[in-house]
Amino acid sequence: MLTGLSAEDEARGVGRALDAVDVFHVALQEHLIGGQIAPGFNNLSFSVNGAGRNFYSAYNSMAAPVADTSASRDAAAPTAISSEHWWSSVFYQNNMTSSSAGISGGSANISGFIAGLEGEVKPGQLVGAVASYSHTDASGDGSGSGDNFVLAAYGRRTAGPLQAALYGGVAISSIGLHHDFGTGSVTSQSGGATSLLGGGSLAYTFDYRGFQITPTATAAFTHMLFDGTTVNSPMGFALDVPRQWTDRFRFTLGPTIARTVTTERGMKWTATVSAGFLYQTAPVTALDAQIFTAPTLAQTAPAGGAGAYADAGVYASLTNWLTGFARWHGEARNHANSNQVSGGLRVTF
């Protein structure tokens, strides 16, 4: 009964909405970092290229040593980024939070896609816009579903081996809330949230014995306004969660190692692995709530802030116009972990 009056279910719903925005952060940052893989190669992508430009010339111009900037090289291999192109990828994530501090945990499945349109405004300077949709199905106490829509703009600057990117946008979330008052009945209601989000990445790539090594730092911030909700129990208890802001900041630091090989038939295969440090603020999603007029606890099961991440991907140029990829991204913190997979094709024409 006391658990049903704590608004833990509402806090879990808001926490899952924050998780869905985090999936967007990860997907966009993977695209922006790129590394020695041509921009969009790590996503399902369709490019519009200039005359005489194809995947092999684009890939070779990106994978060639950074120091080689002679006019002859530019003539032989045009820049990898066409004047404009669009890209997209599909993703799926499963995340789990175990019970801690006497508060139940739970799990959620998040699936969706991200698509963007971008172009170079001048050599080395890229701007773009992106949209994303994801759907969340959760299990455990207070389980429910939710939908998330994101619109964002971004820019990236490349200067030799150094690459920096920034982005900002807005997310709209619908949250399905199922509140259990512990009386044998469950009350369902809907909530909503609007988020301001931003982030960026910084990467530096160098070659070492045939490997491309890229130390990378990323940052992501979500400022979410929960619309609030009011629910009444069958016994007449009125639980109110007022409209309020909640924040989350994420930071990662670690290297990515890539290696490209070419088969006798000219097919290129690139494998990447990365791992490093992860930190996330607000390991407890806490909300102010009231039962009648008395303040009450509204929070999720506590999870660790510091942790680690790992990533692995395989990319293949199947033909001179078709590229495929598969990628896994995992994160682990105390009492929390997630696994995210994505995959798709790149078609150049």
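These legends describe close-up views of a predicted model.

**View 1**
Helix α1 covers residues 8–33. The helix has 26 residues, and at 1.5 Å a residue they should span 38 Å. α1 is mostly covered: 26 of its 26 residues are buried.

The side chains of D9 and R12 meet in a salt bridge, with N to O at 2.8 Å. Both residues lie in helix α1. They are three residues apart, about one turn of the helix. D9 is buried, and R12 is buried too.

R250 and E331 form a salt bridge through their side chains, at 2.7 Å from N to O. This pair links distant parts of the chain. R250 belongs to strand β12 (residues 244–262), and E331 belongs to strand β17. The two residues are 81 residues apart. R250 is buried, and so is E331.

R327 lies in strand β17 and D311 in strand β16, so the pair ties together parts that are 16 residues apart in sequence. Both ends are covered: R327 is buried, and D311 is buried as well. Elsewhere, salt bridges that share partners join E8, D9 and R12 into one network. The structure holds seven salt bridges.

**View 1. Strand β17 pairs with β16.**
Strand β17 runs through residues 322–333. Nine of its 12 residues are buried, so β17 is largely enclosed by the rest of the structure. Strands β16 and β17 run antiparallel, and 11 bridges join them. In one place, Y309 has E331 of β17 as its bridge partner. E331 is also the salt-bridge partner of R250.

**View 2. Four strands form an open sheet.**
The strands follow the order β10-β11-β14-β15, with antiparallel pairing. At the edges are β10 (229–232) and β15 (294–296), and each pairs on one side only. From one strand to the next, the twist averages 25°. Strands of a sheet pair through backbone hydrogen bonds, either parallel or antiparallel.

Which residues of β10 make the covered face, and which the uncovered one? T229 and V231 make the covered face. T230 and N232 make the uncovered face. Four bridges join β10 to strand β11 (residues 238–241), and the two run antiparallel. V231 has L239 as its bridge partner in β11. N232 stands opposite A238, also in β11.

**View 3. Nonpolar side chains form a surface patch.**
Which residues make the nonpolar surface patch? They are F149, L151, V170, I172, L196 and W245. The patch has an area of about 590 Å². Two strands, β5 (145–159) and β6 (162–180), each supply at least two of the patch residues. F149 lies in strand β5. F149 has a relative accessible area of 47%, so this residue is partly exposed.

N94 belongs to strand β2 (residues 84–97). How far apart are the C-alpha atoms of N94 and S338? They are separated by 5.6 Å, while the residues are 244 residues apart along the chain. N94 counts as partly exposed because its relative accessibility is 22%. The cut-off for buried is under 20%.

**View 4. L297 sits in a loop.**
L297 is found in the loop between β15 and β16 (306–317). Its relative accessible area is 46%, so L297 is partly exposed. The C-alpha atoms of L297 and A286 are separated by 8.1 Å. Along the chain, L297 and A286 are 11 residues apart.

Key: Residues are numbered from 1 along each chain as its sequence is written. This is a predicted model: local features need pLDDT of at least 70, side-chain atom pairs count only at pLDDT 80 or more; totals for chains, interfaces and linings use all residues. Side-chain values use heavy atoms; hydrogens and water are left out. Patches are made of residues with over 30% relative accessible area and no salt bridge: like charges are joined within 9 Å, nonpolar side chains (Val, Leu, Ile, Met, Phe, Trp, Tyr) within 5 Å. Accessible areas come from the Shrake-Rupley method with a 1.4 Å probe; for residues, only the protein chains shown count as cover. A salt bridge is a side-chain nitrogen of Lys or Arg within 4 Å of a carboxyl oxygen of Asp or Glu. Buried means under 20% relative accessible area, exposed over 50%, partly exposed in between (1.4 Å probe, protein chains only). Two strands pair if DSSP finds at least two bridges between them. Axes are lines fitted to C-alpha atoms, for helices over the stretch in contact, and angles run from 0 to 180 degrees between N-to-C directions. The expected span of a helix is 1.5 Å times one less than its number of residues.
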